[in-house]
Amino acid sequence: MGKQGRKRLVSYALFLAALFQCRFLAFAILDPLDFLALQLIRKSMNDLPGSSFFASWDFTSDPCNFTGVYCESDKVIALNLGDPRAGFPGLTGRLDTAIGKLSALTEFSLVPGRVFGSLPMSISRLENLRVLAITRNFISGDIPASLGRLRRLKTLDLSYNRLTGKIPRSIGTLPELTNVLLCHNNLSGSVPPFLSEALTRLDLKRNALTSSLPNSFSPSLQFLSLSWNQLSGPVDSVLSRLDQLSFLDLSFNRFTGPIPDRIFSFPLTNLHLQRNSFYGPVQPGDQVKISTVDLSHNMLSGRISPMFSTVQNLYLNHNRFTGQVPDSLVDRLLSASLQTLYLQHNFLTGIGINPTAEIPQSTSLCIQYNCMVPPVQTPCPLKFETQKTRPTSLCNEWKG
């Protein structure tokens, strides 16, 4: 400890002695190291204009009464920096390495603001930490591999920052992880195996991740979002085991291979596989109970399954589907049970809609650029969908 640190500790000791002498000690004595750590953290950060979070941080009073500071006995056990209410300005400055001195800390969070700089390596010393949430700031640099020492960590949220480099494999070995949110950064490299049997949420969207997926995701996963990366390879063997998923988004990647039929029986509410290179037929084994299914912009082929008629929003456009649109889909559309049906840019040859039929205003249908003349005219979502029918020559080539 340097001279400045020793001076602060001496000052704090004298301050406490004075309080005892005046019989004014109405609060527990905070551990001197925790007191000093809070001072250094306060010195390195400030309120943004409009924020008054640090107004209560008066070091002549009990630090355990500071806004965002929670103590047990003489130790700080939780530190929540910034006003968490929506719309309130956050903090600015850097996160001081002194955070690593709060040895009993179990929870650390930082609300959205303009805190910059790298993630202090000293956080790795907080062996009791269960929640680490630093989101929507300007944290940059690599994720320290030493975070793998936090064996009790349950939630890791570093989303919406400017982190770079690879996701350390050591993080994937943390045994108690339940939530990992690293989305909206600039992370690269492959997705490491996540071995925690308690993991329920993994959100890595909007990064620059590459390579294929590890075949070691825990079956406990309920939320998986990997969209807007550069991931590739087949996913059928990976997904087939994740039968607890309620949300799956692999969109805007380079995945290939077939879509496993089994995933349509998972307890999903949303399935987003659009903008990849999936190919082959799609034939669910039973009625699909997923609210929104988006398989658009792939290379899927074969006939459209009537098992999709129970979906509320169905996007199959920009594929290679052929044949007649199932009557069950049309019936559900006309009854407004099926709210969105996008089938444009396929090779479909017919749809059983009477030209005089009234399409409910609450529904959206697009069937342009197929191998048929649309029996009804409906507005399509994209401005460039100007051609109503696919040229006959292209349809004949596909048949051949």
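Analyst: The charged end of Arg42 sits over the ring of Phe54, 4.3 Å from the ring centre. A charge counts as sitting over a ring if NZ of Lys or CZ of Arg is within 6 Å of the ring centre and within 35 degrees of the ring normal. This is a predicted model, in which local features need pLDDT of at least 70, side-chain atom pairs count only at pLDDT 80 or more, and totals for chains, interfaces and linings use all residues. Residues are numbered from 1 along each chain as its sequence is written, and side-chain values use heavy atoms, with hydrogens and water left out.

User: Which ring does Arg390 lie over?

Analyst: Arg390 lies over the face of Phe347, at 3.9 Å from the ring centre.

User: Back to Phe54. Which aromatic cluster is Phe54 in?

Analyst: Phe54 forms one aromatic cluster with Phe35, Phe53, Trp57, Phe59 and Phe66. Rings of Phe, Tyr and Trp (its six-membered ring) pair if their centres lie within 6.5 Å; planes under 30 degrees apart count as stacked, over 60 as edge-to-face and the rest as tilted.

User: How many aromatic pairs by this rule?

Analyst: The count comes to 12 aromatic pairs. In one of them, Phe223 and Phe247 have ring centres 4.6 Å apart and planes at 5 degrees, so the pair is stacked.

User: Where do Phe223 and Phe247 lie?

Analyst: Phe223 is in strand β15 (residues 223-225) and Phe247 in strand β17 (residues 247-249), so the pair ties together parts that are 24 residues apart in sequence. Strands (E, at least two residues) and helices (H or I, at least four) are DSSP runs, numbered from the N terminus.

User: Phe223, buried or exposed?

Analyst: Phe223 is buried, with a relative accessible area of 15%. Buried means under 20% relative accessible area, exposed over 50%, and partly exposed in between (1.4 Å probe, protein chains only).

User: And what about Tyr315 and Tyr342?

Analyst: Tyr315 and Tyr342 form an edge-to-face pair, 5.2 Å centre to centre with 80 degrees between the planes. Tyr315 lies in strand β23 (residues 313-315) and Tyr342 in strand β25 (residues 340-342), so this pair ties together parts 27 residues apart in sequence. Tyr342 is buried, at 14% relative accessible area.

User: Now the whole protein. How many helices and strands?

Analyst: The protein has six helices and 27 strands. Its C-alpha trace spans about 95 × 40 × 30 Å along the principal axes.

User: What share of the residues is buried?

Analyst: Buried residues make up 51% of the 400 residues.
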